[in-house]
Amino acid sequence: MNRRRPTLLAALTLTATAALTLSACGSDDDSPAKGEDKIAGADTSREPSASPTASESTEPDRPEIELPDDLSYTFDWPKTGDKEKDAVLADGEQSIKAVDLAIVNQDPLDKAYLYYYEGEAAAGTQEFIQAYVKENARVTGAYRFYDAVVNVRGKDSASLVYCEDQGKAYDMYLKPKKVNKTPVTKNSYVLYNTQLTKNDKGVWVVQKMLSQRGSDKCQP
């Protein structure tokens, strides 16, 4: 995602995917750290995933995501009543938490986020996580997500646009343990535009992501 506040790791905030930053974004956070591992999911030439057949319609065995008590999430996006849109929102929540789990685990190839990210999104997210590992840091605090808009196109294509409030979220350096608390500014609010595909397991996975830090649409 990805989704961090303006601290020492601010240069990583907008590098969760290969095409993360919107052209309209005036941020100068365009210097991502490069991981040494092979980029996960970097093959973007794959054909779109086929829709699940009737025999594949059972609930997927999603990875368990358990995060430390110092991390909390509020998703202010109520259910729409539409089955597919609500599935996009549910998998969107898990994809966000899965990235933070990888950061907490200090593992750029953590299986949970690779379950929810493919192609460009997986490649960029791996670089983002690798940068936290290099800095021996992880995330802490409270995140709030709101103003979600879902569009489902056909059987296996969707978009999810939403805002994030990072005002109470921070970086925590592990050795020595220190939380880098920063003041709330306009840049604490981020707009995301994600493109998702329903894979052959019936899971909505993130393929591409754009973000705009300091977006007027997300200001309180």
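Predicted model: local features only at pLDDT ≥ 70, side-chain atom pairs only at ≥ 80, totals over all residues.

Visitor: What goes on at the start of H1?
Guide: There, Asp 82 has a side-chain oxygen that comes to within 3.1 Å of the backbone nitrogen of Glu 84.

Visitor: Switching topic, how many disulfides turn up in the whole structure?
Guide: A search of the whole structure finds one, and it is formed by Cys 163 and Cys 218, whose sulfur atoms lie 2.0 Å apart. The two cysteines come from distant parts of the chain, 55 residues apart, with Cys 163 in strand E3 (residues 157-174) and Cys 218 in the segment after strand E6 (204-213).

Visitor: Is that link left-handed or right-handed?
Guide: The link of Cys 163 and Cys 218 is left-handed, with -75° about the S-S bond.

Visitor: Are Cys 163 and Cys 218 buried or exposed?
Guide: Cys 163 is buried, and Cys 218 is buried as well.

Visitor: Back to E3, then: where is Asp 171, and why does it count as buried or exposed?
Guide: Asp 171 is also found in strand E3, and it counts as buried because its relative accessibility is 0%, where the cut-off for buried is under 20%.

Visitor: Which side chain does Asp 171 contact?
Guide: The side chain of Asp 171 is joined to that of Tyr 132 by a polar contact of 2.6 Å.

Conventions. Residues numbered from 1 in each chain as written. Heavy atoms only, no water. Disulfide = S-S within 2.5 Å. Helix = DSSP H or I, 4+ residues; strand = E, 2+ residues; numbered from the N terminus. Buried < 20%, exposed > 50% of the residue type's maximum accessible area, 1.4 Å probe, protein only. Polar contact = N/O pair within 3.5 Å; in protein donor to acceptor, adjacent residues only side chain to side chain.
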